[in-house]
Amino acid sequence: MSTKAFKQEKIDAMKAKFEKAQVAVVTEYKGYTVEEITKLRRGLQQEGGDYMVTKNTLAKIAAKGTQYEVIADLCKGPIAVAFGFEDQVSPAKIVSKFIKDTKKGEILGAILEGKLLSADEAKALAKLPSKEELYAKMLGSINSPASGIVGSVNAVMASLTRAVAAVRDQKEKAAA
């Protein structure tokens, strides 16, 4: 089954993923069942990513000529690579949660923008907020001053209305 053509097909598929990816999270996958790997792969695909179990040699060959060449430093033992095509954080989050839930495997490291991240740095990447969360926080920050201005204007208008009502009430008492 491990013919030269089959290996070349795997290398070409992985190279295409490396060229398209924004981030690659390298994991140890020892002990996973087919169902667990399928569940992880589906979770990554929902977030615009993928998960590929590979041989170290094939990963090194596929990464040649890409910004992921430094993967060679992480190719020790049975590995799999989680790719992120749309987001740099969600693959690390999904893999980290999966490892925590299954209590199997570990994150060996990651490659982000051609830089090799250690296992601890990859785990820290998983703790960062996603793009959507950052956008929501940014919009909240932008909206906050406007809300404050509206509140201040409303408070001034309410005070003015109460003052005019008080003057009216005084004049009505004086006229009566």
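Reply: Start with Gln170: its relative accessibility is 58%, so Gln170 counts as exposed (over 50% relative accessible area; buried is under 20%, partly exposed is in between; 1.4 Å probe, protein chains only). Gln170 sits in helix 6, residues 131-175 (helices, H or I, of at least four residues and strands, E, of at least two are DSSP runs, numbered from the N terminus). From the C-alpha of Gln170 to that of Met138 is 49 Å, across 32 residues of chain.

The model is predicted, so local features need pLDDT of at least 70 and side-chain atom pairs pLDDT 80 or more, while totals for chains, interfaces and linings use all residues. Residues are numbered from 1 along each chain as its sequence is written, and side-chain values use heavy atoms, without hydrogens and water.

Now the rings. There are four aromatic pairs in the structure (Phe, Tyr or Trp rings, the six-membered one for Trp, with centres within 6.5 Å; planes under 30 degrees apart are stacked, over 60 edge-to-face, the rest tilted). One is Phe18 with Phe83: the centres are 5.3 Å apart and the planes meet at 75°, so this pair is edge-to-face. Phe18 belongs to helix 1 (residues 4-20) and Phe83 to strand 3 (residues 79-84), so the pair links distant parts of the chain, 65 residues apart. Phe18 and Phe83 are both buried.

Tyr32 and Phe98 make another pair: centres 5.1 Å apart, planes at 75°, so edge-to-face. This pair also links distant parts of the chain, 66 residues apart. Tyr32 is in the loop between strand 1 (23-28) and helix 2 (34-46); Phe98 is in helix 4 (residues 90-102). Tyr32 counts as buried because its relative accessibility is 11%. Phe98, at 8%, counts as buried too.

Back to Phe18. Together with Tyr68, Phe83 and Phe85, Phe18 forms one aromatic cluster.

Ala92, Lys93 and Ser96 of helix 4 meet Ala122, Leu125, Ala126 and Lys127 of helix 5 (heavy atoms within 4.5 Å). By class, that contact has four nonpolar, one polar and two charged residues (nonpolar: Ala, Val, Leu, Ile, Met, Phe, Trp, Tyr, Cys, Pro; charged: Asp, Glu, Lys, Arg; polar: the others, Gly among them).
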